[in-house]
Amino acid sequence: MPDGTYRCPECQTVVIFKGKVMNVRITGLKGWPRHYGCELANPIDQIDFDKLEKVE
Amino acid sequence: MDIDDVVARLDSVVDVLNKMSAALEKQNRIALLEIFLDQNRYLAQKVRAGEAYVNIAFFFLNVAAGVTVAFATTNPEGYVAMSHEFMLDTSQPGAFTIIYAIDGRLTPWLNTVAAVPMNLELAIMVPYDNIVMESDLTTVTNNDPLQQWLSLASIDTYVRKEVWEADQQDLDLAAKEYALLREASHA
């Protein structure tokens, strides 16, 4: 599981991954997942990071 | 019975009626303040006035073994958030640790190393004590050796920040007046 900051290209939600911890940042209305089929909503060991944008 | 006796008796009747009227007025005032100090009724009034809106937030997470997911949520700009109902379900009672903080402070009512399914009526249990001014942080950890799911729903009302800041002063005054009236009516 790669450490780093990733963004969903569809909902633009940013998640910081570090080890076995996912830090999700949500602004505005609460709720998760942000949209149906969001890659970020998968369990951390099943996320396809190639489908996410790496944030530098 | 002369006229003075009649006048004296009438005066005493008027005196009793005045006391009854004052007592009724006090009871009415207490009843009004009880409504104002009820968070659900306060929020209903704000929604009706167009100063607030309700959102039901649903969270559904599949969490791998040993993984922690932390949600840092910032309010819509210009709004404060009040949660009034909170519902939690899990695939495995006791598997999740949950930590909840409002505006950087841990809350006393949602911190557990072994969460179980529950429904909380926050507006009744802790009225006006679950107000998110800027942001909150919900952290869940799956302690189970297997993947588990957790679902969480909370009914929140977003109140315009300037409205809430003005109303807070009125609520403080109402709470003081209510306490004084209740004290006086028991004396």
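**View 1. B:R29 and its partner B:E177 in a predicted model.** At 36% relative accessibility, B:R29 is partly exposed. The model shown in every view is predicted. B:E177 and B:R29 form a salt bridge, with the closest N and O atoms 2.7 Å apart. This pair links distant parts of the chain: B:E177 sits in helix α4 (residues 161-186) of chain B and B:R29 in helix α1 of chain B, 148 residues apart. B:E177 is partly exposed too, with a relative accessible area of 29%.

View 2. B:D15, with 39%, is partly exposed.

**View 3. A:R7 with A:E53.** The closest N and O atoms of this salt bridge are 3.1 Å apart. A:R7 belongs to strand β1 (residues 4-7) of chain A, and A:E53 to strand β4 (residues 53-55) of chain A; the two are 46 residues apart. Both ends are partly exposed: A:R7 at 27% relative accessibility, A:E53 at 30%. Over all chains, the structure holds 10 salt bridges.

**View 4. The interface of chain B and chain A.** The two chains bury about 1800 Å² between them, 56% of it on carbon and sulfur atoms. Chain B gives 27 residues to the contact and chain A gives 19 residues. One salt bridge is counted between the chains. B:D136 and A:K30 form a salt bridge, with closest N and O atoms 2.9 Å apart. There are 13 residue pairs in polar contact across the interface. On the chain B side, β1 (52-63), β2 (68-74) and β9 (148-160) each supply at least two residues. The largest share, eight residues, comes from β1(B). This side divides into 16 nonpolar, nine polar and two charged residues.

**View 5. Strand pairing between the chains.** Strand β3 (residues 21-27) of chain A pairs with β2(B) in the parallel sense, over seven bridges. Opposite A:I26 stands B:T73 in β2(B).

**View 6. B:T141 and its contacts.** B:T141 is found in strand β8 (residues 135-142) of chain B. Its relative accessibility is 16%, under the 20% cut-off, so B:T141 counts as buried. Leaving out residues up to four places away in sequence, B:T141 touches B:V67, B:T68, B:A95, B:F96 and B:T97.

Terms used. Residues are numbered from 1 along each chain as its sequence is written. Chains are lettered from A and ligands numbered from 1 in the order in which they are written. This is a predicted model: local features need pLDDT of at least 70, side-chain atom pairs count only at pLDDT 80 or more; totals for chains, interfaces and linings use all residues. Side-chain values use heavy atoms; hydrogens and water are left out. Helices (H or I, at least four residues) and strands (E, at least two) are DSSP runs, numbered from the N terminus. Buried means under 20% relative accessible area, exposed over 50%, partly exposed in between (1.4 Å probe, protein chains only). Contact means heavy atoms within 4.5 Å. Buried area is the accessible area (1.4 Å probe) that two parts lose on being put together, summed over both. A salt bridge is a side-chain nitrogen of Lys or Arg within 4 Å of a carboxyl oxygen of Asp or Glu. A polar contact is a pair of N or O atoms within 3.5 Å; within protein, one must be able to donate a hydrogen and the other to accept it, and residues adjacent in sequence count only if both atoms are side-chain atoms. Ala, Val, Leu, Ile, Met, Phe, Trp, Tyr, Cys and Pro count as nonpolar, Asp, Glu, Lys and Arg as charged, and the others, Gly among them, as polar. Two strands pair if DSSP finds at least two bridges between them.
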